[in-house]
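User: I would like to learn how to read pockets and aromatic contacts in a model. Please take them one at a time.

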Amino acid sequence: MKQQQTGDMKMWGGRFAEKTAASVEAFTCSVHFDCRLYRHDIAGSRAHARMLARQGLISDEECRLILGGLDEIEGEIERGEFVFRPELEDIHMNIEKALAERIGPAGEKLHTARSRNDQVNLDFRLYLREECDRLDGLLAELQRSLVTQARRWRQTVMPGYTHLQRAQPVLVAHHLLAYFEMFKRDRQRLADCRRRINVLPLGAAALAGTGLPIDREYVAELLDFPQVSANSLDTVADRDFVIEFASAAALIQVHLSRLAEELVLWTSEEFAFVELPDAFCTGSSIMPQKKNPDVPELIRGKSGRVVGHLMALLTLLKGLPLAYNRDLQEDKEPIFDTVDTVSASLALAAELMAGLNFREEKLAAALRRGCMTATDLADYLVRKQVPFRQAHAIVGRAVAYALEQGRDVAELSLVELKRFAECIEEDVFAVLSVEGSVNSRNSLGGTGGARVDEALAQAESEI
Ligand code: ARG
């Protein structure tokens, strides 16, 4: 007869004759990172225990003991007193074992009709549901600082770019509100992803459901899930909700990275459009004159890891047969790092944008060069019945003439302009001015002052 290993306290000890190798324990252990799920694991266990009692699978007294024990364990973890044991693998078994040691046989009943496969899925859904809400709050904060700045710089005009070449004048407010829209879509994506996170997986058990008389709907009600998952195999194998979250988060970080890139460009002497607060910059250890935009650079740089985590998760799922596979334990670290990185970047971006100062004299100087009202001149000719393609060619010649002399097309005299098109009159100068150009762009969604005022009012009503 085989000897029972008394020193081995594994949950599966019954079937095993040998102790787990130390190298295997170290390799498979996840408690050093999944301990982050302790609150969600305990919340899930509370609901599960209450359901077991309601169904007569445990007694009310056993349920009371379980709930009391879980409260104590939660308190200990919160106070940093709980000792996590790596040999117990993960957060689920650490808590379950501690409970059994505390309250005896009642604790050993908690895992009735439950597997770690549906348990870990539940914990992760509870965790991500919360994180969606927290990220939504951070996005709203960033939107608020963008709107405040758009209001503050409402009268300021800047060059708008395509191909990073000066294109047409736009209001600074219009540019800032472009990011407001991106972050608005990010919030919508999180809300949409949250709807699919918000489905109760518990009760799928290991993979096939359970023969014990559980009540999944009651657990869903206790944990505030509006829906119960449909297929037990899909439930324990599903990490779509994790990938959707990682994808929404990657897009947030990519949006932040685009904003950060603009700040890096705009703070350079070549642009000199903005000044960042000193508190958000760092100097150089060798060059005394330097003031570097490290915060936007790091926000931009950190997009690499967030996008990488999304790739890691997609690759993790690819080719996994149904149902649960241990591979799935690898979904936690990429998500935890994603959450930390995106949260920190969002918070910093909000602070950074709130402290941003535009350098109006530099913007005005940039607007004087680049013939940015050339399209306005072509539109002017169109209003005088010149076909647009001809107008385009005429203005092209006027631009070439102006540039040859190192002037802007807006600086040409009426006599000079008339050489390109006889129909040009004195009223052309209103069109060639930066203000005239901006204010004429009143098509829906355009940079015209009236449109931007509407957009600002709309944005302010939303946040
Ligand atoms: N630590 C595991 C994970 O994160 C929990 C589920 C383990 N299930 C199992 N049958 N080994 O996925």
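User: How much space lies in the largest pocket, and which residues are closest to its centre?
Analyst: On a 1 Å grid over the protein atoms alone, a pocket is an open set of points where a 1.4 Å probe fits, with protein on both sides within 12 Å along at least five of seven lines; lining residues have an atom within 4 Å of a point. Grid points are joined across faces, edges and corners, and a volume is the space filled by probe spheres set on the points. Here the largest pocket holds about 400 Å³. It is lined by 18 residues, with Tyr161, His175, Tyr179, Arg258 and Glu262 closest to the centre. The model is predicted: local features need pLDDT of at least 70, side-chain atom pairs need 80 or more, and totals for chains, interfaces and linings use all residues. Residues are numbered from 1 along each chain as its sequence is written, and side-chain values use heavy atoms, without hydrogens or water.

User: Which elements each supply at least two residues of that lining, and how does it divide by class?
Analyst: Helices (H or I, at least four residues) and strands (E, at least two) are DSSP runs, numbered from the N terminus. Strand E1 (157-162), helix H8 (172-197) and helix H11 (240-267) each supply at least two lining residues. For classes, Ala, Val, Leu, Ile, Met, Phe, Trp, Tyr, Cys and Pro count as nonpolar, Asp, Glu, Lys and Arg as charged, and the others, Gly among them, as polar. The lining has 10 nonpolar, 5 polar and 3 charged residues.

User: What lines the second largest pocket?
Analyst: Its volume is about 320 Å³. Of 14 lining residues, Thr267, Ser268, Glu269, Lys291 and Asn292 lie nearest the centre. H11 and strand E5 (274-275) give two or more residues each. The classes are 5 nonpolar, 4 polar and 5 charged.

User: How many aromatic pairs are there?
Analyst: Rings of Phe, Tyr and Trp (its six-membered ring) pair if their centres lie within 6.5 Å; planes under 30 degrees apart count as stacked, over 60 as edge-to-face and the rest as tilted. The count is 11. Tyr127 and Phe336 are edge-to-face because their planes stand at 90°, with ring centres 5.2 Å apart. This pair joins helix H7 (residues 116-152) to helix H13 (residues 332-354), across 209 residues.

User: Is Tyr127 buried or exposed?
Analyst: Buried means under 20% relative accessible area, exposed over 50%, and partly exposed in between (1.4 Å probe, protein chains only). Tyr127 is buried at 3%, and Phe336 is buried at 5%.
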